[in-house]
Amino acid sequence: MTTILFELGTEELPPKNLKTLRDALTDNVKAALESQNIAYEAIKPFAAPRRLALQIVGISDKQPDRTEQKRGPAIKAAFDSDGNLTKAGLGFASGLGITKDDIITISTDKGDYIGYELTVQGKPVIELLPVIFQKALDDLPIAKRMRSGASKEEFVRPVQWVVLMVDSTVIDATIQGHKAGNATRGHRFHAPDFVSIAHADDYEAVLQNAKVIADFDKRQALIKEQVAKLSDEVGAIAIVPDELLDEVTALVDLPVALRASFEERFLAVPQEALISTMQADQKYFCLTDKDGKLLPYFVFISNIESKDPSQVIFGNEKVVRPRLSDAEFFFLQDQKQPLFALTENLKNRIFQDKLGTIWEKSERIASLAAYIAGQIGADSEHAIRAAHLSKCDLASTLVGEFPELQGVAGTYYARLNGEAKGVADAIEEQYLPKFAGDKLPATDIGTALALADRIDTLVGIFGIGEIPTGSKDPFSLRRASIGVLRILIEKRLNLGLSELIQHALSGYGDKLSDAAKTFDEVMEFINARYRAMYSEQGVAVDTIQAVQAMDIDVPMDFDDRIRAVQVFRSLPQAGVLAENNKRVANILAKADVAVSDEVDEAVLVEVAEKALFDAVKSAQAAVLPLQAAADYQAILTTLASLSEPLTAFFDDVMVNSDDAKLKANRLALLQQVRNLFMLVADISLLQG
């Protein structure tokens, strides 16, 4: 079984991009092998701080031979009446160096042509691989490439060596300006010299002996195992974000996890600040108890097997101490004045040039949050207080150093100032949800604040004409809109978008030149987010469109209708009812007379129309209490009973009768049918 080994040795590669580079190199080579029709059994990728490598197992020695057809002129033009080649036929044959006997007939839908089948010999794979690997490297997603010394070759980091082997033989090639060989390098400190690879299959074992675990996934699994073991020893749970884990894995050849500690006095600082600095600056894994409270321990990953690990631990504890001291200093500095005192600073900070200061925004949020709180049974005074405090931490030194702590810092300071629990919690919750799938505010005050903040921003930014275009959305208005919808829907709040937007508009006074236009644009923008939001949940587009056609103002009500239509679509009658509703809608739309919804029972003639009338009356009576309870699923399930009588009506009754009275009465009957279904959604828009 033939094995190919390719390794590109470099200076330390960017750790945040190593996994991406590994995957892209693998994909590029796979695509090239497939396009060249080169068979192989498996490709194993490797990625470590100073190398990218691929091991291709069971690769074929050469490309398979292939047959190509060369088509010449039409038969009529290639042969004369005596069957001899014409000038055109002779030209085709001489161009290919063949005789008349080699010529075949190629039949197409446009006629018969002369032709020739040429066998193309497959090339040896080792001749193709250097170009394949170089092209794969050239196509890697590298934002900025660099040169090393006088070399004209460019890569993300300077290239130091190249390995290219087939089994035990070096393939003669030059890649990235380096002659390929069979020598790799081990760990920068434990085994810095070149090491020969006897066979391509030995690659991983050779590097392991040289203190390098070349397999990224194995290295990562080892890190996770070591971190978990060290955490368990102190009864802790490690915080291991995926991005940090990938980055740490990319930083080390030989992961050795060690546990260190810091002074417990630092635990008085908001743990989010400590975690942030330890993760972002030091690449440490923080430890918490089972309740998520930070413990005075952290785990770090060393790249050496030290003879005295205690010295390595001591060094890391020494390094992290100033970082934690900085966070402590900022935290204590901020406490020299109450949180509300920072509002003076906000009066000089601009939210947006045309929309005023951050303090002005806080006042608008306070008005809207108080209104929302009143609607959902929360304390309006607490909502106002929370709004006034909501942006104060933007002026704090802690948030100045750790911007990601906005809201979090404010909550800590509010608690220290003795603010009501709901007020303090709301300051952090105003930013929830931060991303798709994120948790929602837990408190009513937090809910009111989160809604008010987002709606104020939407109204203000639209009001000055800064509407998102294409991929440009500098104020994250799309995310804000989806956040509003999620809060209103998932927290089951019976609030209409129009009332919230109108209240927000009133808060801007004369700052916005065209309030009516702003209202329409914001409503349209938020309503347009339904499609993206529900599509991500797997809801069919036509289901969303059927409910959007109803122009629903209350998102909670919109969601109830979506769920009802989804259930309706699972009914056996759904397909027929959707088609019949299309027919009803089309007939009513094309009616050349005014359509009433009052049916004169005395004018009913046909058995089918009488039966439909009776079914409609029964349905109207049945759905009345369901409509009052907004039980849309039950309404549509009840209306499924109209399937048979409606089908029979269309089979047996001529709606557009020559008798004007009959026609008007039948149109009125169909209008009643239409009205029943439109209690929930426009079923005629469903595609079956």
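The legends below describe close-up views of a predicted model.

**View 1. The largest pocket and its lining.** In this predicted model, the largest pocket holds about 560 Å³ of space. Its lining is made up of 18 residues, and those that lie nearest the centre of the pocket are Tyr 431, Asp 453, Thr 457, Phe 475 and Arg 479.

**View 2. Asp 453 and the residues it touches.** Asp 453 is placed in helix H16 and is among the residues nearest the centre of the largest pocket. Because its relative accessibility is 9%, and buried means under 20%, Asp 453 counts as buried. When residues up to four places away in sequence are not counted, Asp 453 touches Lys 361, Ile 365, Lys 391 and Gln 430.

**View 3. Ile 384 in helix H12.** Helix H12 covers residues 380-390 and includes Ile 384, a residue that is partly exposed, with a relative accessible area of 26%. Leaving aside residues up to four places away in sequence, Ile 384 touches Ala 366 and Ala 370. Ile 384 and Ala 366 are 18 residues apart along the chain, yet their C-alpha atoms are separated by 4.6 Å.

**View 4. Helix H19 and the helices packed against it.** Helix H19 runs over residues 515-536, and its 22 residues should span 32 Å at 1.5 Å a residue, which agrees with the 32 Å between its end C-alpha atoms. The residues of H19 that are buried are Thr 518, Phe 519, Val 522, Met 523, Phe 525, Ile 526, Asn 527, Arg 529, Tyr 530, Met 533 and Tyr 534. These buried residues pack against H16 and H17, and also against helix H18 (497-507), helix H20 (541-548) and helix H21 (555-569). Just after H19, Gly 538 adopts a positive phi of about 90 degrees.

**View 5. The segment annotated at residues 583-678.** An unreviewed UniProt entry places the feature "domain: DALR anticodon binding" at residues 583-678.

How values were computed. Residues numbered from 1 in each chain as written. Predicted model: local features only at pLDDT ≥ 70, side-chain atom pairs only at ≥ 80, totals over all residues. Heavy atoms only, no water. 1 Å grid on protein atoms, 1.4 Å probe; cavity = no way out; pocket = protein on both sides within 12 Å on 5 of 7 lines; lining within 4 Å. Points joined across faces, edges and corners; volume = space filled by probe spheres on them. Helix = DSSP H or I, 4+ residues; strand = E, 2+ residues; numbered from the N terminus. Buried < 20%, exposed > 50% of the residue type's maximum accessible area, 1.4 Å probe, protein only. Contact = heavy atoms within 4.5 Å. UniProt positions renumbered as here; feature names shortened; annotations may be inferred. Expected span 1.5 Å × (residues − 1).
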